[in-house]
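Please look at the sequence and the 3D structure shown below, and then follow the paragraphs that walk through how the parts meet.

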Protein chains: 2
Amino acid sequence: MAYGYIGTMRTVQDHRDEVVRILLSGTQGLRAAGCLLYVVSVSDSDSELIHVTEVWQSREHHDASLRLPETQAAIAQAMPLLTGEFTREELTVVGGLGLA
Amino acid sequence: MAYGYIGTMRTVQDHRDEVVRILLSGTQGLRAAGCLLYVVSVSDSDSELIHVTEVWQSREHHDASLRLPETQAAIAQAMPLLTGEFTREELTVVGGLGLA
């Protein structure tokens, strides 16, 4: 079964849109790296909170993607705009509707 | 932008697989009801926890789907196997990879 990763990150005030743009700019190479789903959402109740929902063929595919140049570039760009508060949950994706 | 819903539900002991099956059995009508993504996952660290990640065209589409016969049937089947502990987060989905 596929590997799921649900995470949140908190941005510094008034920089959420900018971080969302950065996250979405680095997705071109993800499908080739084994990514089935990479969704960026924003909380409706917390103006500095970003949710990222990911599904990968395996945890190894996910971990390897962190070494992709575009991923490294996006991380470097986003970090100064983040508070350092992250949450993460690793899941086993059983199935559903809409996954590639 | 699309409506995102991230939720968890806790099952009674040893019934998680059964509830997962019930949740996945009721997905046929969801795409026609405006569902873009409906993913059922299980926690790797908590043997009674199920995660559901949903993306809908709008909140209204999501809420209306709760009145679908197959959704009502799935809820009725699952409820006795759940402890009643739910979490939910409503999100605005900005974009990403893999959404229909």
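Predicted model: local features only at pLDDT ≥ 70, side-chain atom pairs only at ≥ 80, totals over all residues.

How many residue pairs are in polar contact between chain A and chain B, with both residues at pLDDT 80 or more? The count is 14 residue pairs, where a polar contact is a pair of N or O atoms within 3.5 Å, one of which, within protein, must be able to donate a hydrogen and the other to accept it, and where residues adjacent in sequence count only if both atoms are side-chain atoms.

Residues are numbered from 1 along each chain as its sequence is written, chains are lettered from A and ligands numbered from 1 in the order in which they are written, and side-chain values use heavy atoms, with hydrogens and water left out.

A rotation of 180° with 0.0 Å of shift along its axis superposes chain A on chain B, with an RMSD of 0.0 Å (least squares on the C-alpha atoms of residues with pLDDT of at least 70 in both). That is the relation of a two-fold axis. Because 100% of the interface residues of chain A are also interface residues in chain B, the copies meet through the same surface.

The contact (heavy atoms within 4.5 Å) takes 30 residues from chain A and 30 residues from chain B. Between them the chains bury about 2600 Å², 59% of it on carbon and sulfur atoms, buried area being the accessible area (1.4 Å probe) that two parts lose on being put together, summed over both. In chain A, A:Asp44, A:Val94 and A:Leu97 lose the most area to chain B, together 23% of what that side buries.

Strands also run across the boundary (strands are DSSP runs of E, at least two residues, numbered from the N terminus; two of them pair if DSSP finds at least two bridges between them). Within chain A, β1 (residues 2-11) and β4 (residues 82-97) pair in the antiparallel sense over nine bridges, and A:Gly4 has A:Leu91 as its bridge partner in β4(A). Six bridges join β4(A) to β2 (residues 35-43) of chain B, again antiparallel, with A:Thr92 opposite B:Val42. Likewise, six bridges join β2(A) to the antiparallel β4 of chain B, where the partner of A:Ser41 is B:Val93.

Methods. Helix = DSSP H or I, 4+ residues; strand = E, 2+ residues; numbered from the N terminus.
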